[in-house]
Amino acid sequence: MKSRENTVTQILANVVCALFAATALLPFILLAIASLTDNTWATANGFSFFPKEWSLEAYRYIAVQWDTIGRAYLMTILVTAVGTFFSILVTTLFAYAICQTEVPGMKLLSFLMVFTMLFNGGLVATYYTYVNFFHIRNTIWALLVPNLLMNAFNVILVRNYFKNSIPYSLIEAARLDGASEFGIFFKVVMPLSIPIIATIGLMVGLGYWNDWQNGLYYLTERGGSQYYTIQVVLNNINENINVLLQSSSVTGGMNIKMPSTTVRMAIATIGILPILAIYPFFQKYFVKGITLGGVKE
């Protein structure tokens, strides 16, 4: 009787998981199909899983305009790689520091960190500070620093992981052997923290890859267009379909008729390919890191 109930439960669980998986995958499938649909047919009939007319016109346009789109794509890769690296470094260092509760001032830093999760100065004050005091407007720092370099939620995940998953006796033994705090951090703590590092690395990387707001706020077309990422270019296309044509005329690109409807889908398809490619390799670490890092002490 129990075996039959277990079988039924397993079947129902598999069906539910399959439905959720289909719900997650179908938008990506539709996005890829839409990018291969004829622009005129898509404009007249909308997007469909079974279009009557197919075309590579959008991808031909991307190939011709690669001076603009390719530069934005490479900038996205650069910003994501550099930003993720420094975000992990800053986050883990901060989390390790506030774990040392015997050090004066660490509890105050913990309070200030949590405070930022509840209150902030707002968009206007943030923009004014970054532009007038830090002068990041129309620089690559505009894509790296604001809102993404360190996140209090990620710090809490890492701190909980350090406290609950790394035996304190290992750290004490390293100190007795004469290791410095940086030596302990890089040679003892970090090698044992691969799951949580992969977890926050994936989340931060997704944030950098999908970010378009910083480009919208801090980059102007005249002074900062060379730092446009693929998401900023895609956002500009959505707001003004002629932005790529204007940009390509400046860079000397060839002017062709733009497949305005399907090119959005083609750029979005190209934009998500790296994420889809690397996610399976991080999935097991992601689940383990969230589970262990989310455990309250």
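**Pocket, rings and cores**

Tutor: The lining of the largest pocket takes at least two residues from each of α5 (106-118), α6 and α12. Helices (H or I, at least four residues) and strands (E, at least two) are DSSP runs numbered from the N terminus. The model is predicted: local features need pLDDT of at least 70, side-chain atom pairs count only at pLDDT 80 or more, and totals for chains, interfaces and linings use all residues. Residues are numbered from 1 along each chain as its sequence is written, and side-chain values use heavy atoms, leaving out hydrogens and water.

Student: What makes a set of points a pocket, and not a cavity?

Tutor: The grid has 1 Å spacing and covers the protein atoms alone. In a cavity, a 1.4 Å probe fits but cannot get out; a pocket is an open set with protein on both sides within 12 Å along at least five of seven lines. Lining residues have an atom within 4 Å of a point.

Student: What is the volume of the largest pocket?

Tutor: About 690 Å³. Volume is the space filled by probe spheres set on the points, which are joined across faces, edges and corners. Of its 23 lining residues, Thr116, Asn120, Tyr130, Asn147 and Met150 are closest to the centre.

Student: How does the lining divide into nonpolar, polar and charged?

Tutor: 15 nonpolar, eight polar, no charged. Ala, Val, Leu, Ile, Met, Phe, Trp, Tyr, Cys and Pro count as nonpolar; Asp, Glu, Lys and Arg as charged; the others, Gly among them, as polar.

Student: How many aromatic pairs does the structure hold?

Tutor: It holds 13. One joins Tyr73 and Trp209, at 5.9 Å centre to centre and 90 degrees between the planes. Rings of Phe, Tyr and Trp (its six-membered ring) pair if their centres lie within 6.5 Å; planes under 30 degrees apart are stacked, over 60 edge-to-face, the rest tilted. So Tyr73 and Trp209 are edge-to-face. Tyr73 is in helix α4 (residues 66-99) and Trp209 in helix α11 (residues 194-210), 136 residues apart.

Student: Why does Tyr73 count as buried?

Tutor: Buried means under 20% relative accessible area, exposed over 50%, partly exposed in between (1.4 Å probe, protein chains only). Tyr73 is at 13%, so it counts as buried. Trp209, at 4%, is buried too.

Student: Why is the pair of Tyr127 and Tyr218 called stacked?

Tutor: Their ring centres are 5.5 Å apart and their planes at 15 degrees, so the pair is stacked. Tyr127 lies in helix α6 (residues 122-132) and Tyr218 in helix α12 (residues 213-218), so the pair ties together parts 91 residues apart in sequence. Tyr127 is partly exposed at 27%, whereas Tyr218 is buried at 1%.

Student: Which residues of the largest nonpolar core touch the most other members?

Tutor: Ile62, Val79, Tyr208, Tyr218, Ile230 and Ile267, out of 33 residues. A nonpolar core is a set of buried Ala, Val, Leu, Ile, Met, Phe, Trp, Tyr and Cys residues joined through side-chain atoms within 4.5 Å. α15 gives the most to this core, with six residues.

Student: With which residues is Pro274 in contact?

Tutor: Leaving aside neighbours within four places in sequence, Tyr73 and Trp209. Contact means heavy atoms within 4.5 Å. Pro274 lies in helix α15. Its relative accessible area is 24%, so Pro274 is partly exposed.
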